[in-house]
Amino acid sequence: MIEARDLAKSYAGKAAVSGLSFDVRPGTVTGFLGPNGAGKSTTMRLMLGLDTGAGTCTFDGKPFTAYAEPMREVGALLEAKPFHPTRTARNHLLMLATSNRIPAQRVDEVLGLVGLADVAGKKPSTFSLGMGQRLGLAAALLGNPHTLILDEPANGLDPQGIHWLRELLKALANEGRSVFVSSHLLSEMALMADELVVIGKGRMIANGPVEDFTKLSVRNHVLVRTPQAGELASLIGAKLAGVGSVQRTGDSELTVTGLEANAVGDLAFDNRIRVHELSTHNATLEEAFLEITGNAAEYTAHAPAAAPTTPQEGAR
Ligand SMILES: Nc1ncnc2c1ncn2[C@@H]1O[C@H](COP(=O)(O)OP(=O)(O)OP(=O)(O)O)[C@@H](O)[C@H]1O
């Protein structure tokens, strides 16, 4: 169990993380989301005591730094890859294993697990970004820890690698581990995460099950096709009584929010209204994320300004 309480950090007087509190429960994958610069990496460093700031974070009641053999408790993959410049991948892991009294045989196990057995004798400096990520993941898994903290582990992985990572993290959580993972791949997160922590500009925006997060979106709606669209719209409007909306989105099409599809169907049936289509459209995680973080995105792109006219053109 991870318990983060009131984590905070400022750089040069500017808050990077403010008052963040959340739990990561065993047996779950908890996704950590936020726009660029939201404070995800800073939060993860604070959780591990790698950065100085305010607040506390405990792993089964103790801070990371209080564990004598921390790799057996918490496996971490942060963005920076501190690999030794001359050691081979295998020796890099062997060195970590020795310092945590982990048997050497576990090194070969994790190299196999992350798909690097064939390049174990090569130096990480020759590795691609994805191979480096796999080696970082091998290091995180070395001590068979019950908690994993992974910052953008899918970064640089090919589609097969992303699929493999998703299945691995879900399996590790199913074995009872706590997995806290950040990613910008929202479709992946939707398939992988049970819970979400969503931050923007260093502050908590949402925390809870993935379904609750997407349920909040205004993109959730019911679509109805009926030749009696006007009549049904009036009935739905009366039933909604101001909570929700009904819009004519075509000659014979209505888009409804605030009523479930079965309620719309019953209303049509009770009033002998012919319905040709009735369907529920659920917001994707990406839609809900963009909607909820819209105002909390620090860096937003603007369309390029129109090319200035030359003086000659302007004079014409
Ligand atoms: N070492 C540092 N010195 C000064 N400012 C920093 C430092 N590290 C982070 N920041 C600032 O803190 C804020 C949060 O950065 P952080 O890297 O934690 O965000 P992030 O959510 O991980 O971003 P991304 O999704 O782009 O990786 C940003 O405004 C960043 O510029």
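A residue counts as near a molecule or strand if its C-beta atom, placed from the backbone, lies within 6 Å of it. This is a predicted model: local features need pLDDT of at least 70, side-chain atom pairs count only at pLDDT 80 or more, and totals for chains, interfaces and linings use all residues. Numbering starts from 1 along each chain as its sequence is written.

**View 1. The shell around the ligand.** Tyr 11, Ala 16, Gly 34, Asn 36, Gly 37, Ala 38, Gly 39, Lys 40, Ser 41 and Thr 42 surround the ligand. Helix H1 (residues 40-47) gives the largest share of this shell, three residues. Helices (H or I, at least four residues) and strands (E, at least two) are DSSP runs, numbered from the N terminus. By class, the shell holds three nonpolar, six polar and one charged residues. Here Ala, Val, Leu, Ile, Met, Phe, Trp, Tyr, Cys and Pro count as nonpolar, Asp, Glu, Lys and Arg as charged, and the others, Gly among them, as polar.

**View 2. The sheet.** Three strands form an open sheet in the order E2-E1-E4, with antiparallel pairing. Strands E2 (14-24) and E4 (54-59) stand at the edges, each with a single partner strand, so one side of each has no neighbour in the sheet. From one strand to the next, the twist averages 20°. Angles run from 0 to 180 degrees between N-to-C directions, with axes fitted as lines to C-alpha atoms.

**View 3. Strands E1 and E4.** Five bridges join E1 (residues 2-11) to E4, and the two run antiparallel. Pairing requires at least two bridges found by DSSP. Ala 8 stands opposite Ala 54 in E4.
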